[in-house]
Amino acid sequence: MPAVAMSNAGSNGAKEFEGKITIYVVICGVIAATGGLMFGYDIGISGGVTSMDDFLEEFFPVVYERKHKAKEDNYCKYDNQGLQLFTSSLYLAALVSSFVASKLCTKHGRRLTMQAASVFFLVGVVLNAAARNIAMLIIGRILLGVGVGFANQAVPLFLSEIAPVHIRGALNILFQLDVTIGIFVANIVNYFVSNIHPWGWRLALGLAGVPATMLCLGSMVIAETPTSLIEREQLMEGLAVLKKIRGTDNVNAEYEEILHACEMARQVKQPFRNLMKRSSRPQLVIAIAMQVFQQFTGINAIMFYAPVLFQTIGFKNDASLLSAVITGIVNVLSTVVSVVLVDKLGRRFLLLEACGQMLITQVAIGGVLLVNLKSTNELEHGVAIWVVVLVCLYVSSFAWSWGPLGWLIPSETFPLATRTAGYAFAVSSNMLFTFVIAQAFLSMMCHLRAGIFFFFAAWIVVMGLFVIFLLPETKNVPIDEMSERVWKRHWFWKRFMDEEEQHKKESV
Ligand code: BGC
């Protein structure tokens with residue numbers, strides 16, 4: 001029996017789309033999501049590599065020496081701009097390239113953009129694994145960044161567009177699930193290669209080629225999204241793909257809606273300029289805010305620097321990498337929770353629950369470190385275990401909320417006319433603030449010490465209020481009906497939409 005995508009139809013005039021969850025749509029989703037593996041592997045690997053002695057000795061001898069001086073300040077021993085630049089140069093490149101990717105996505109489709117992503121990434125991997133000097137390292141990182149910018153632009157959009165409405169959240173979160181699997185695998189790789197001297201770090205960086213190859217090959221077999229085909233006037237092919245991914249010939253309602261969205265999009269010649277109009281303000285603000293807030297949860301302070309952080313609080317090399325592996329498992333499993341719940345409990349519920357859990361755990365971690373970790377002592381074993389437990393509780397709440405929803409919500413709220421352009425702002429905001437945190441965290445830790453956790457906790461209060469008052473629920477609303485059913489009905493955002501309507505009427 002076909003599953004009907006329930007969209008509160010009837011009561012508000014929305015159409016019902018017939019559509020099964022076909023094996024084909026799931027396979028396309030799983031393959032495209034491998035783009036998330038590249039991103040995740042990279043997040044996990046850079047923290048590990050930058051805490052490996054062989055790597056530091058070869059490229060950052062100053063940090064290496066400081067690390068091995070017995071009495072170096074606990075909170076400051078890794079504070080080095082060059083080292084931070086290694087981690088964060090990738091994000092600058094991704095920031096810029098997401099705008100290029102947005103154009104490519106519109107003109108040549110989501111699939112080709114994914115293929116381009118994997119090729120850039122592969123070249124970056126080769127340079128990194130073979131690096132003989134800092135220039136090769138940084139240029140390699142920049143190419144990886146271009147790959148990440150392209151993939152993070154194309155993959156979540158692809159997933160949101162192919163998904164039947166009632167599982168759009170779950171399918172989209174496959175991307176974040178792969179991000180977390182990538183981080184986890186990287187943590188395990190870090191753990192094993194740290195004992196391979198002196199080239200373990202080369203292996204760690206080189207293995208990033210595996211997910212890129214998967215995406216490269218995978219993207220050759222998946223379908224393009226019907227929306228992208230129809231947008232590029234390949235109507236028959238678009239219709240055929242729609243029938244195939246929905247597992248039924250009865251796709252007229254959805255096809256008509258995509259056609260309509262494409263017509264509207266065609267009238268918009270300059271998507272980026274259109275984004276600056278008042279009527280795009282709600283989606284744009286939400287998309288950017290979701291990503292900025294995602295980064296101000298402080299998650300990457302943990303993700304990039306987990307091994308460094310655990311060493312800072314007194315774990316030995318292996319123990320700290322092992323703790324990072326534990327947080328990696330928690331991250332993956334908690335993302336599965338989100339896949340299961342996001343289309344049932346809704347986006348807002350998950351975000352708000354997580355704000356509470358993250359607030360409590362951040363304050364607790366800050367408190368424990370404030371009391372127990374001075375400049376040159378080590379944490380007692382029992383206290384250190386508590387810190388790891390708190391970090392796990394913190395990571396789990398991020399993983400079922402701001403992690404996946406930071407990508408999902410911006411990918412489902414824009415009308416087609418501004419979708420790829422608007423999403424580019426979301427991706428680049430993520431990259432910008434990931435860069436800021438990556439670049440600043442080690443220095444902030446050196447200056448704010450345990451207070452850094454209170455800094456992030458304060459942000460969590462702000463984002464909780466933002467969700468309560470300004471974030472509308474998008475669960476079960478068809479992607480091309482957001483304007484009518486979400487923005488025009490929201491107590492605050494509707495004024496932006498009303499004025500646009502008014503403007504249209506006046507100009508007729
Ligand atoms: C974020 C990353 C973060 C990761 C952790 C992603 O959604 O964009 O910055 O490191 O989640 O799982």
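This is a predicted model: local features need pLDDT of at least 70, side-chain atom pairs count only at pLDDT 80 or more; totals for chains, interfaces and linings use all residues.
Helix α6 runs over residues 134–162, and at 1.5 Å a residue its 29 residues should span 42 Å, which agrees with the 42 Å between its end C-alpha atoms. The expected span here is 1.5 Å times one less than the number of residues in the helix. Helices (H or I, at least four residues) and strands (E, at least two) are DSSP runs, numbered from the N terminus. Because 24 of its 29 residues are buried, α6 is largely enclosed by the rest of the structure. Buried means under 20% relative accessible area, exposed over 50%, and partly exposed in between (1.4 Å probe, protein chains only).

Among the buried residues of α18 are Arg347, Cys355, Gln357, Gln362 and Leu369.

Residues are numbered from 1 along each chain as its sequence is written, and side-chain values use heavy atoms, with hydrogens and water left out.

The protein chain averages a pLDDT (the predictor's confidence in each residue, from 0 to 100) of 89, and 91% of the residues score at least 70. Confidence is highest in helix α5 (residues 110–129), at a mean of 98, and lowest in strand β1 (residues 4–5), at 38. Do take care with residues 1–14: pLDDT stays under 50 there, and the model has 28 contacts for them beyond four places in sequence. Contact means heavy atoms within 4.5 Å.

## A look inside: the second largest cavity

Searching the whole structure turns up 4 cavities of 30 Å³ or more. On a 1 Å grid over the protein atoms alone, a cavity is a set of points where a 1.4 Å probe fits but cannot get out, and lining residues have an atom within 4 Å of a point. Grid points are joined across faces, edges and corners, and a volume is the space filled by probe spheres set on the points.

The second largest cavity holds about 140 Å³ of space. Its lining has 16 residues, and Ile43, Gln176, Val179, Asn300 and Phe398 lie nearest the centre. Elements that give two or more residues to this lining are α1 (23–49), α7 (168–193), α14 (281–296), α15 (299–303) and α20 (402–413). Helix α7 gives the most, with 4 residues. By type, the lining divides into 8 nonpolar, 8 polar and no charged residues; Ala, Val, Leu, Ile, Met, Phe, Trp, Tyr, Cys and Pro count as nonpolar, Asp, Glu, Lys and Arg as charged, and the others, Gly among them, as polar.

Gln291 lies in helix α14 and counts as buried, at 0% relative accessibility. Beyond its neighbours within four places in sequence, Gln291 is in contact with Gly406, Trp407, Ala426, Ser429 and Asn430.

Arg246 sits in helix α11 (residues 235–246) and is also buried, at 2% relative accessibility.

## Backbone details in the loops

A cis peptide bond joins His197 and Pro198, with omega about -5 degrees. Pro198 belongs to the loop between α7 and α8 (200–206).

Arg449 is not a glycine, yet has a positive phi of about 55 degrees. This residue lies in the loop between α21 (416–448) and α22 (451–470) and is partly exposed, with a relative accessible area of 27%. Asn476, also not a glycine, has a positive phi of about 65 degrees. Asn476 is placed in the loop between α22 and α23 (482–485) and is buried, with a relative accessible area of 18%.

Notes
On a 1 Å grid over the protein atoms alone, a cavity is a set of points where a 1.4 Å probe fits but cannot get out, and a pocket is an open set with protein on both sides within 12 Å along at least five of seven lines; lining residues have an atom within 4 Å of a point.
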